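These are my notebook entries on a structure that is new to me. I record each item I looked up in turn.

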Amino acid sequence: MMTVRAVNTCYLLRSGSPPPLSSFCCRFNHFSSLDLSRGYGLQLRLRFPALRGELVNFGHGGVRSCCFHSLLESAMAELASYGRRRRVPAVAVKLTSSGELLDDKPGSQTLVEGLLLEFKKDSDRLLLAVAQKPDGKKNWMVYDQNGVTSSIRPQQITYIVPGVEKFDQTEISSFIQKAEDNLDPSLLEFAWVELLENNKSVTAEELAEMIFGSAEPLECYCAHLLLTRDNLYFTVRENKGSRFVYVPRTTEQVDEFMRKNLAKEAADRELNEFLQLLKSAKAMPSHAKPPKSSWMIEEKFQSKIQSIEAYAIDEFTSEDQKKTAGEILKAMGMTKTSSSAVNLLIAIGYFPVHVNLDLLKLNIRTDHSEEMNLAAENMLSECPDPDHFERQDLTHLKVYAIDVDEADELDDALSATKLQDGRIRVWIHVADATRYVQPGSFLDREAMRRATSVFLPTATYPMFPEKLAMQGMSLKQGEICNAVTVSVVLTPDGWLFLLLTILLCWCTSIAEYSVDNSIIKPTYMLTYESASELLNLNLEEEVELRILSEAAALRLRWRRQQGAVDTQNIETRIKVVNPDDPEPSINLYVENQADHAMRLVTEMMVLCGEVIATFGSQNNIPLPYRGQPQSNIDVSAFAHLPEGPVRTAAIIKILRAAEIDFRKPIRHGILGLPGYVQFTSPIRRYLDLLAHYQVKAFLRGDSPPFSAGQLEGAAASVGFQASAWVSTGSGIGDEVRVKVEEARPREDYISLKEAL
């Protein structure tokens, strides 16, 4: 199939392989030799033998169509002959490695003042300059097109314009402009066809004769520019100093390069369109910026915005993605850094102003798919309770659910009473999440991928869909709720049972326990603050809360006797009310874990974990048994430190790492327990949910769904430390007030200043 390409005002038809010149059919508007240095017009009267004496006039207005055997070959010969008659002989030159200028004839001449040359300023720029004078043994001082005088090395010279002596440096810009005005890359195709047909190479000077009919300075420089800027027809075979020899590419190579060039042109158009969208979005006010979803509609834009996002979090799927993002940042006038990518995405509204990059880096899911939400709704409306007939009715108990004030998922609640013999019975009620989720189900697999609910100052991202977690699983005040209840009877003060345990070699203050499916009706939903107030009021009608506090005190004393290390601390909790605002409201809460209500809840959760570990051990149930090797800690050695955060931090620093065993309990030295299993947060921790699967199966009389080898666990902790120079305080434990002077969370940087 023939392909057509416009070449100046000549239409050239070319097939997929080089055809004989006789197959060309051309329509000429004009095709004349160009004297670019003087700009004169020509009326050529050429006679072609192949046309049997017919005279063809090539003028500025003449139009004539013809087919011929060798029209192009004859035209080129005539043009070359005309050029030889008109031109002033030029000397083609090159440099030696020592900086000398040589011509192609015997003998040589040194690089002299006034020569016009092109040199490489840096990796991206080529400049035209006039040689001024030597600078040392090899270097030369030159005056370039920008009016700058500098010293260059011979190796920087890429071309010396032939036939020039004493060039006026003030004319450099005019010379360049003339060359640029008369460049026509399509002329290269004529030369390529002839050179490919004859299997010949070409220099810039030879190409000037072919396409311009002259090798004068300006024509040579134009030919040089055409060759160096060409990425289609020619390639460099060799260079001789500052002279390059070019060879024509094969037809197949040209076709391949053409395909690549067309693809690149399309990609460039697409990139420019995307850049315009970025600039437009960047200029919009905050309330008018396009939503994040709008960047995902078209695939061609989706891949580009995702490449910038990958650059922002330094998580690339390929080098092409990294390259694309770098090109976009550069085109937007920004540095190729992750912070620049973040700033760009914020500027266009794709990222919120206070974006949390860790959510992206850790690939934390912040929403649930439509499929998962639909599955959750189906479970709420259709799922029967497999344990309906086996549940104990504990709705007669007064039930306290105590948590932080903004808690959405309520996993646990407490009840207590005193038996006639003076012993205390407590019930730890844990939300029965497995009422709606079964091992291996779609909801279970999604929960396993998430591993935990994520609680941040700006938002909470639940492990389960919100509707299922809030309406189905969570405990709710005044409503009938499904639970797994751990019932425990404690000895009055622990001393009598301690004597028995020594004889039995079994360390526990638990007199008896049971684990059952149940239904409860929570009476109170209390914050820690309100629970503490009730305890301080010592109201007679809230005697159950007072009994729970008493049980917690007994448990804490007993655990300390077993070697438990008290790591209660002062903790801060931050809540951002309007995180999307540029200036959000930030609330800071300080929580003392030694507070009566917090200590009460903590001790009951620890007690539940000990009971489940004992239950699992006695019934050979694989569970995620948590432990911490007992360290030889003499707590009295830290008595000189102030009680609280300072002493706790010093103790924690020397503790050994925690461990998990899935076959049998291991001692938890820090808690002072023979075994421990996290069980009280199945809505927000997948590890707790696994423990529920195992225990619930046993209660039904079924085999555990997971073997020890199949159980998986994960744990993570986040900490922060900072230091600052202060003028007061010389010892550990001295209190010093500091304030945050500057914070750049994306760079893990914070600056503290003493508050005087």
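Entry 1. Is I402 buried or exposed, and at what relative accessibility? I note first that the model is a predicted one. I find a relative accessibility of 4% for I402, so this residue counts as buried, the cut-off for that class being under 20%.

Entry 2. I then looked up where I402 lies and what surrounds it. I402 belongs to strand β18, which runs over residues 400-403. Leaving aside residues up to four places away in sequence, I list its contacts as L526, T527, Y528, A531, L545, L600 and V601. One of these, V601, is 199 residues from I402 along the chain, and I read a separation of 7.4 Å between the two C-alpha atoms.

Entry 3. I turned next to charged pairs. How many salt bridges does the structure hold? I record 28 salt bridges, and I examined several of them one by one.

Entry 4. I looked up the pair D268 and K264, whose side chains meet in a salt bridge with an N to O distance of 3.0 Å. Both residues sit in helix α6 (residues 251-283), and because they are four residues apart there, about one helical turn separates them. I note that D268 is partly exposed, at a relative accessible area of 31%, whereas K264 is exposed, at 51%.

Entry 5. I looked up K418 and E550, which form a salt bridge with their closest N and O atoms 3.3 Å apart. Which parts does this pair tie together? K418 lies in strand β19 (residues 412-418) and E550 in helix α16 (residues 543-561), so the bridge ties together parts that are 132 residues apart in sequence. I find that K418 counts as partly exposed, with 42% relative accessibility, and that E550 counts as partly exposed as well, with 33%.

Entry 6. I looked up D661 and K664, whose side chains meet in a salt bridge at 3.8 Å from N to O. Is D661 buried or exposed? With a relative accessible area of 19%, D661 is buried, because the class takes in values under 20%.

Key
Residues numbered from 1 in each chain as written. Predicted model: local features only at pLDDT ≥ 70, side-chain atom pairs only at ≥ 80, totals over all residues. Heavy atoms only, no water. Helix = DSSP H or I, 4+ residues; strand = E, 2+ residues; numbered from the N terminus. Buried < 20%, exposed > 50% of the residue type's maximum accessible area, 1.4 Å probe, protein only. Contact = heavy atoms within 4.5 Å. Salt bridge = Lys/Arg side-chain N within 4 Å of Asp/Glu carboxyl O.
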